[in-house]
Amino acid sequence: MSGDLDIDSVPPLGSALAAAAGDGSGPVVVDLSGVGFADSTTVNVLLQGQTVLNGRLRLAAPSPFVQRLIGMIGLDSALPVLPSVEDAIDAPDAPLPS
């Protein structure tokens, strides 16, 4: 991903996560290194994606802005956030809340 992720630009991400759910196995990594801005719509799409993907979603290499957002809202308690794409690929699936 790159650029700004907001209500106008995030629908393709949601579509890609939904399509990945049909693949059924393996990690789904969202590289956030090129994202300069993200809003609550993005957070909602990521959380919905984690549910649809049964814990296979991982966030990788968040930009400084996105890392601050993740920390402020505690998104890292719901989604794995890894420092690199390689680390995200190798990370175990996250358990879903009961």
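1. Leaving aside neighbours within four places in sequence, Asp 39 is in contact with Leu 5, Asp 6 and Ile 7. The model is a predicted one. Asp 39 sits in the loop that joins β3 (34-38) to α2 (40-52).

2. Asp 39 is buried but forms no salt bridge. The nearest side chain of opposite charge belongs to Arg 68, 15 Å away. What does lie by the side chain of Asp 39 is the backbone nitrogen of Thr 41, 3.0 Å from one of its polar atoms.

3. The largest nonpolar core has 21 residues. Those with the most contacts inside this core are Leu 13, Leu 17, Val 30, Leu 46, Leu 57, Leu 59 and Leu 75. Two or more residues each come from α1 (11-21), β2 (28-31), β3, α2, β4 (57-60) and α3 (64-73). As background, nonpolar side chains in soluble globular proteins tend to be buried together.

4. Val 30 is one of the core residues with the most contacts. Not counting residues up to four places away in sequence, Val 30 touches Met 1, Leu 13, Leu 17, Leu 57, Arg 58, Leu 59 and Ala 60.

5. Three strands make an open sheet in the order β2-β4-β5, with parallel pairing. β2 and β5 (81-82) are the edge strands, each pairing on one side only. Between β2 and β4 the parallel pairing runs over 4 bridges. Val 29 stands opposite Arg 58 of β4.

6. Beyond residues up to four places away in sequence, Val 28 touches Leu 17, Ala 20, Leu 53, Arg 56, Leu 57 and Arg 58. The C-alpha atoms of Val 28 and Ile 89 are 7.8 Å apart, although 61 residues separate the two along the chain.

7. Most residues other than glycine have a negative phi. Asn 54, in the loop between α2 and β4, has a positive phi of about 55° and is not a glycine. Asn 54 is exposed, with a relative accessible area of 55%. Ala 61 belongs to the loop between β4 and α3, and its phi is also positive, near 50°.

Notes:
Residues numbered from 1 in each chain as written. Predicted model: local features only at pLDDT ≥ 70, side-chain atom pairs only at ≥ 80, totals over all residues. Heavy atoms only, no water. Buried < 20%, exposed > 50% of the residue type's maximum accessible area, 1.4 Å probe, protein only. Lys, Arg positive; Asp, Glu negative; His and termini not counted. Salt bridge = Lys/Arg side-chain N within 4 Å of Asp/Glu carboxyl O. Polar contact = N/O pair within 3.5 Å; in protein donor to acceptor, adjacent residues only side chain to side chain. Contact = heavy atoms within 4.5 Å. Core = buried A, V, L, I, M, F, W, Y, C linked by side-chain atoms within 4.5 Å. Pairing = 2+ DSSP bridges.
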